[in-house]
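User: I am new to this structure and would like to go through it by question and answer. Please begin with the charged pairs, then turn to the pockets and the core.

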Amino acid sequence: MALRTIMTQEQPTLHKAARPVTNFDQRLHDLLDDMAETLADANGAGLAAPQVGILRRIFLIDVDDRGLIEFINPEILETSGEQDGVEGCLSLPGQWGMVKRPNHVKIRAQDRDGAWFELEGDELAARCILHEYDHLEGHLYSEKVYKWLSEEEVSAMFEAAEEAEEAE
């Protein structure tokens, strides 16, 4: 396994639609393993292949008690509800903004061996899945931001969330 370089917003790769994965081989497994290591090292919630310079329809998320989930050739089957929340991106370091997204998503994708599966996610999982899916379409969350946040605002929000968690 190896750490991959995370592309930043000025890289053309991030603004192009990714192509489907057709070979479910050791090369794909190596890429998925590298992406998992890169995601963990960056302390992120999700990572799409275009973010590491690979224009393939692949992303990973690690946001809840299900652990790391790999999505290959994903298709959004349905979305519902609405949520409003803070987003950041490993490709836009130090930037945070408020984004509206669906609160629920149902997705179909393949695993590393090519088997199809369906998964549903709510709240943070839905936000992360849809954020990463946007990368596969050549879009960044910054296109959806309706209010950019300062470092002070982000710090205050995280502190308030931690305090609320501790109070529970």
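User: Which residue forms a salt bridge with Glu87?

Analyst: This is a predicted model. In it, the closest N and O atoms of the pair are 2.6 Å apart. Glu87 sits in strand 4 and its partner in strand 5 (residues 96–101), 14 residues apart, which links distant parts of the chain. The partner of Glu87 is Arg101.

User: Is Arg101 buried or exposed?

Analyst: Buried means under 20% relative accessible area, and exposed means over 50%. The relative accessibility of Arg101 is 4%, so Arg101 counts as buried.

User: Which residues are linked with Glu87, Arg101 and Asp134 in a network of salt bridges?

Analyst: Side chains of opposite charge can pair when their charged atoms come close. The structure holds 13 salt bridges. The network containing Glu87, Arg101 and Asp134 also takes in Arg127 and Lys144.

User: Where does His131 lie, and which residues does His131 touch beyond four places away in sequence?

Analyst: His131 is part of helix 2. Its relative accessible area is 6%, so His131 is buried. Leaving out residues up to four places away in sequence, His131 touches Glu87, Gly88, Cys89, Arg101 and Tyr141.

User: Which residue forms a salt bridge with Lys147, and how exposed are the two?

Analyst: The closest N and O atoms of Lys147 and Glu153 are 3.0 Å apart, and the two form a salt bridge. Lys147 has a relative accessible area of 37%, and Glu153 has one of 31%. The partner of Lys147 is Glu153.

User: What is the volume of the largest pocket, and which residues lie nearest its centre?

Analyst: The space in the largest pocket is about 900 Å³. Its lining consists of 31 residues. Strand 4 (83–88), helix 2 (124–136) and helix 3 (151–167) are the elements that give two or more residues to this lining. Those nearest the centre are Ala45, Val86, Trp96, Leu124 and Phe158.

User: How many residues of each class line the largest pocket?

Analyst: The lining is sorted into nonpolar, polar and charged residues. The counts are 15 nonpolar, 10 polar and 6 charged.

User: Which element gives the largest share of the lining of the second largest pocket?

Analyst: The second largest pocket has a volume of about 330 Å³. Among the residues lining this pocket are Arg4, Asp25, Arg27, Leu28 and Leu31. By class, the lining has 5 nonpolar, 2 polar and 4 charged residues. The largest share, 3 residues, comes from helix 1 (residues 26–42).

User: Which element gives the most to the largest nonpolar core?

Analyst: The core has 19 residues, and Phe59, Ile61, Phe71, Ile107, Leu119 and Ile129 touch the most other members. Two or more residues come from each of strand 2 (58–61), strand 3 (69–80), strand 6 (104–110) and helix 2. With 7 residues, the element that gives the most is helix 2.

User: Which residues are in contact with Ile61, apart from its neighbours within four places in sequence?

Analyst: Ile61 is one of the core members that touch the most others. With those sequence neighbours left aside, its contacts are Ala45, Gly46, Gly67, Leu68, Ile69, Phe71, Cys128, Ile129 and Glu132.

User: Where is Asn43 found, and what is its phi?

Analyst: Asn43 is in the loop between helix 1 and strand 1 (46–48). Its relative accessible area is 70%, so Asn43 is exposed. Asn43 is not a glycine, yet its phi is positive, at about 55 degrees.

User: What is the phi of Glu123?

Analyst: Glu123 is placed in the loop between strand 7 (116–122) and helix 2. Glu123 is exposed, with a relative accessible area of 52%. Although Glu123 is not a glycine, its phi is positive, at about 50 degrees.

Key:
Residues numbered from 1 in each chain as written. Predicted model: local features only at pLDDT ≥ 70, side-chain atom pairs only at ≥ 80, totals over all residues. Heavy atoms only, no water. 1 Å grid on protein atoms, 1.4 Å probe; cavity = no way out; pocket = protein on both sides within 12 Å on 5 of 7 lines; lining within 4 Å. Points joined across faces, edges and corners; volume = space filled by probe spheres on them. Nonpolar A, V, L, I, M, F, W, Y, C, P; charged D, E, K, R; others polar. Core = buried A, V, L, I, M, F, W, Y, C linked by side-chain atoms within 4.5 Å. Buried < 20%, exposed > 50% of the residue type's maximum accessible area, 1.4 Å probe, protein only. Contact = heavy atoms within 4.5 Å. Salt bridge = Lys/Arg side-chain N within 4 Å of Asp/Glu carboxyl O.
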